Amino acid sequence: FPELQRVLVCCADRYIYSWGDSFEKWVATEKIKVHTPQMCMAVDSTKKLLMTGGTDGDILFFTVGSILVNVRRVECSTEWVCDLLFLDELGQLITCSADGKVGTWDVEWDDENEDLTFQMRSVKDAHEKSIKTQVAYSSKCRTLFSIGYGHNVLCWNPFIASQTHVL
């Protein structure tokens, strides 16, 4: 969050750290204890919403302001959440989990009522079971790319339920 001059980090030690710029020196400004190690994170920069994925398969949602506020915990998978990617232009969160599934979720945050809507759009059995499942997005091509243990890269159109190509 550059406008807040903060860097957020999730760690296997069950903490989320916030680092701030203080007189040209980065210092830890906040340390939040969470219930399980968090392995990945994504942000909705317009709504200032932080999402983290844990080893229990849950996603934690935080609002980001002067402090982090945990607003919701949502079950995403029965396995580790390995990677998260938020697509600002679609308002969607893409998840990859250790069971090889790639999920697409609609995320809406209502600032006025401080209310989160999180709804599954689709979950696909995409890859072999692995903690190395990852996802990336090309806005130029409007294509998602996921990779898992099988070393195949799957190409996805976020608007279609199945992959479009295998690399």
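Buried means under 20% relative accessible area, exposed means over 50%, and partly exposed covers the range in between, with a 1.4 Å probe and protein chains only. By that rule, both Arg 6 and Glu 30 are buried. The model is predicted, so local features need pLDDT of at least 70, side-chain atom pairs count only at pLDDT 80 or more, and totals for chains, interfaces and linings use all residues. Residues are numbered from 1 along each chain as its sequence is written, and side-chain values use heavy atoms, with hydrogens and water left out.

**Salt bridges**

- A salt bridge is a side-chain nitrogen of Lys or Arg within 4 Å of a carboxyl oxygen of Asp or Glu. Four salt bridges are found in a search of the whole structure.
- One of them joins Arg 6 to Glu 30, with 3.0 Å between the closest N and O atoms. Arg 6 belongs to strand 1 and Glu 30 to strand 3, so this pair ties together parts that are 24 residues apart in sequence. Strands are DSSP runs of E with at least two residues, helices are runs of H or I with at least four, and both are numbered from the N terminus.
- Arg 73 and Asp 58 also meet through their side chains in a salt bridge, at 2.7 Å from N to O. This pair links distant parts of the chain, with Arg 73 in strand 7 (residues 68–75) and Asp 58 in strand 6 (residues 58–64), 15 residues apart.
- Arg 73 has a relative accessible area of 48% and therefore counts as partly exposed. Asp 58 has 10% relative accessibility, so Asp 58 counts as buried.
- Glu 89 forms a salt bridge with Arg 142, and the closest N and O atoms are 2.9 Å apart. The two residues link distant parts of the chain, 53 residues apart: Glu 89 is in the loop between strand 8 (81–87) and strand 9 (92–97), and Arg 142 is in the loop between strand 12 (134–138) and strand 13 (143–147).
- Glu 89 is partly exposed at 44% relative accessible area, and Arg 142 is partly exposed at 42%. Elsewhere, salt bridges that share partners join Asp 56, Asp 58 and Arg 73 into one network.

**A buried charge without a salt bridge**

- Asp 44 is placed in strand 4 (residues 38–44). Asp 44 is buried but has no salt bridge, and the nearest side chain of opposite charge is Lys 47, 6.7 Å away. For charge, Lys and Arg count as positive and Asp and Glu as negative, while His and the chain ends are not counted.
- The side chain of Asp 44 does reach the backbone nitrogen of Lys 47, at 3.2 Å.

**Surface patches**

- Patches are made of residues with over 30% relative accessible area and no salt bridge; like charges are joined within 9 Å, and nonpolar side chains (Val, Leu, Ile, Met, Phe, Trp, Tyr) within 5 Å.
- Asp 110, Asp 111, Glu 112, Glu 114 and Asp 115 form a negative surface patch. Asp 111 sits in the loop between strand 10 (101–110) and strand 11 (115–125), and Asp 111 is partly exposed, at 48% relative accessible area.
- Val 7, Val 9, Trp 19 and Trp 26 make a nonpolar surface patch of about 340 Å². Trp 26 is in strand 3 (residues 25–33) and counts as partly exposed, at 44% relative accessibility.

**Positive phi values**

- Most residues other than glycine have a negative phi.
- Arg 14 is not a glycine, yet has a positive phi of about 70°. Arg 14 lies in the loop between strand 1 (6–10) and strand 2 (15–22) and is partly exposed, with 38% relative accessible area.
- Lys 48 is another residue other than glycine with a positive phi, near 50°. Lys 48 is in the loop between strand 4 and strand 5 (49–54), and is partly exposed at 27% relative accessible area.

**Buried positions and C-alpha distances**

- Ile 59 is in strand 6 and is buried, with a relative accessible area of 0%. The C-alpha atoms of Ile 59 and Cys 40 are separated by 9.6 Å, and the two residues are 19 residues apart along the chain.
- Gln 38 is in strand 4 and counts as buried, at 2% relative accessibility. Between the C-alpha atoms of Gln 38 and Cys 10, 28 residues apart along the chain, the separation is 5.7 Å.

Note on methods. Areas by Shrake-Rupley, 256 points an atom, 1.4 Å probe, with all protein chains shown as cover. Charge placed at Lys NZ, Arg CZ, Asp CG, Glu CD. Polar contact = N/O pair within 3.5 Å; in protein donor to acceptor, adjacent residues only side chain to side chain.
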